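Reader: I'm new to this one. Could you show me how to read it?

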Amino acid sequence: MKPFVYESRAQRVLFGAGTLAQVAAEVEALGARKALVLCTPPQRAQAEQVAGLLGERAAGVFDGAVMHVPMAAAREARAVAQRLGADCAVAVGGGSTIGLGKAIALDSGLPILAVPTTYAGSEMTPIYGLTEEGVKRTGRDLRVLPRTVIYDPQLSLGLPVGLSVVSGINAMAHAAEGLYADDANPVTQLMAEEGLAALGRALPAIHADSGNRQARADALYGAWLCGTVLGSVAMALHHKLCHTLGGSFNLPHAETHTIVLPHALAYNAPAAPAATTRIARALGAADAPLALYELALRHGAPVALRQIGLREEDLDRACALAMQNQYPNPRPLEAAALRRLLQNAYDGVPPAA
Ligand SMILES: NC(=O)C1=CN([C@@H]2O[C@H](COP(=O)(O)OP(=O)(O)OC[C@H]3O[C@@H](n4cnc5c(N)ncnc54)[C@H](OP(=O)(O)O)[C@@H]3O)[C@@H](O)[C@H]2O)C=CC1
Ligand SMILES: O=C(O)/C=C\C(=O)CC(=O)O
């Protein structure tokens with residue numbers, strides 16, 4: 001075994017159906033008196049329900065969460081939190097809502113209690129993202145790591161099947177890249193493999209029956225583990241490509257991950273055989289990139305970048321942008337091979353090295 005560093009993070013996690021009922025006690029345990037509940041506009045009713053559970057500990061509901069956390073939304077949320085005297089933020093929703101909580105915490109140090117309803121995994125990471133003038137900036141800061149996370153699978157029952165599949169594959173991408181990360185260690189690798197297996201079981205079951213409670217719990221458990229991996233080790237080609245495509249071409253986050261992942265893994269497979277074998281083992285498959293491609297294809301998810309709004313004439317620029325950033329990756333970045341990867345992902349053909 002190679003020498004390694006493992007850093008554990010202080011977070012309290014409640015997991016299980018009905019755990020949302022403990023939200024007021026958890027806010028109290030944080031030493032907070034008034035929590036601002038955050039959500040997107042369509043999830044306001046759910047946030048109001050959480051405010052109801054908080055009772056006198058609710059400062060109010062702010063429903064201004066937007067994908068990629070525009071700076072204007074962050075400023076408004078910070079001002080509302082201050083005006084209402086909030087000393088805690090409760091983020092109820094997906095990565096966009098939790099990202100808004102992180103933007104408040106980055107500025108004020110307010111503790112965050114996260115109640116995730118998708119599988120994106122942001123609740124387990126100290127990573128924040130903020131978008132200003134069309135540029136998304138990400139960074140790491142322990143102030144934004146949610147102090148408490150409530151994983152209540154009942155809240156994800158309403159997540160539409162299509163979103164569940166792409167969000168689940170977004171989580172699987174964290175684990176897959178975590179397995180070959182430069183700073184991977186045996187503990188994160190264990191979590192990655194278990195997270196992949198849980199989501200590999202859960203997504204077909206959710207596709208068959210979105211109300212399958214066992215599968216919803218399995219998926220959220222997998223998302224927890226995969227999010228922990230994302231927060232613990234450095235991501236590589238796949239995540240960098242998705243950020244380029246999402247940030248510069250405004251493509252939807254989870255769908256972009258779903259489409260790119262098989263191709264990024266196929267690109268890296270020759271240079272990361274042990275990680276590729278572990279991914280395949282977790283999925284009970286012979287070929288890891290193909291298994292992820294088929295997971296998407298069989299369960300109604302998009303498999304081609306052209307399906308989600310990228311234009312073929314953007315591929316050269318996407319490739320050039322991706323080549324600009326230098327980061328650790330198992331296989332060196334080669335322009336011609338990367339351009340082929342992007343073309344394959346654009347066309348939606350099965351992955352090839
Ligand atoms: N910092 C980090 O570590 C990470 C950050 N992220 C960031 O998070 C964002 C992506 O997260 P993701 O969760 O995919 O995106 P969103 O939070 O935007 O949620 C995706 C979709 O799920 C829907 N949804 C969420 N909860 C429910 C629910 N209970 N019922 C029905 N629909 C629901 C949302 O609907 P509606 O719009 O109606 O709410 C939205 O359409 C990106 O900005 C990404 O960069 C992602 C992973 C990690
Ligand atoms: O972009 C961010 O806000 C930070 C990290 C991620 O989105 C991780 C991912 O690509 O899923």
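Author: Let's look at the ligand site and then at a surface patch. Keep in mind that this is a predicted model.

Reader: Okay, which residues come nearest to ligand 1?

Author: Start with the residues that have a heavy atom within 4 Å of the ligand. Here there are 24 residues around ligand 1, and T40, S96, T117, T118 and T125 come nearest.

Reader: Which helix gives the most to that shell?

Author: That's helix 4, residues 95-108, with three residues. If you sort the shell by class, you get 13 polar, nine nonpolar and two charged residues.

Reader: How much of ligand 1 does the protein bury?

Author: On its own, ligand 1 exposes 910 Å², and the protein buries 83% of that.

Reader: Now the surface: which residues form the nonpolar patch?

Author: It's made of M1, F4, Y6 and V187, which together have about 440 Å² of accessible area. V187 sits in helix 6, residues 186-208.

Reader: Why does V187 count as partly exposed?

Author: Partly exposed covers the range between buried, under 20% relative accessible area, and exposed, over 50%. V187 has a relative accessible area of 32%, so it is partly exposed.

Note on methods: Residues are numbered from 1 along each chain as its sequence is written. Chains are lettered from A and ligands numbered from 1 in the order in which they are written. This is a predicted model: local features need pLDDT of at least 70, side-chain atom pairs count only at pLDDT 80 or more; totals for chains, interfaces and linings use all residues. Side-chain values use heavy atoms; hydrogens and water are left out. Patches are made of residues with over 30% relative accessible area and no salt bridge: like charges are joined within 9 Å, nonpolar side chains (Val, Leu, Ile, Met, Phe, Trp, Tyr) within 5 Å. Accessible areas come from the Shrake-Rupley method with a 1.4 Å probe; for residues, only the protein chains shown count as cover. A salt bridge is a side-chain nitrogen of Lys or Arg within 4 Å of a carboxyl oxygen of Asp or Glu. Helices (H or I, at least four residues) and strands (E, at least two) are DSSP runs, numbered from the N terminus. Buried means under 20% relative accessible area, exposed over 50%, partly exposed in between (1.4 Å probe, protein chains only). Ala, Val, Leu, Ile, Met, Phe, Trp, Tyr, Cys and Pro count as nonpolar, Asp, Glu, Lys and Arg as charged, and the others, Gly among them, as polar.
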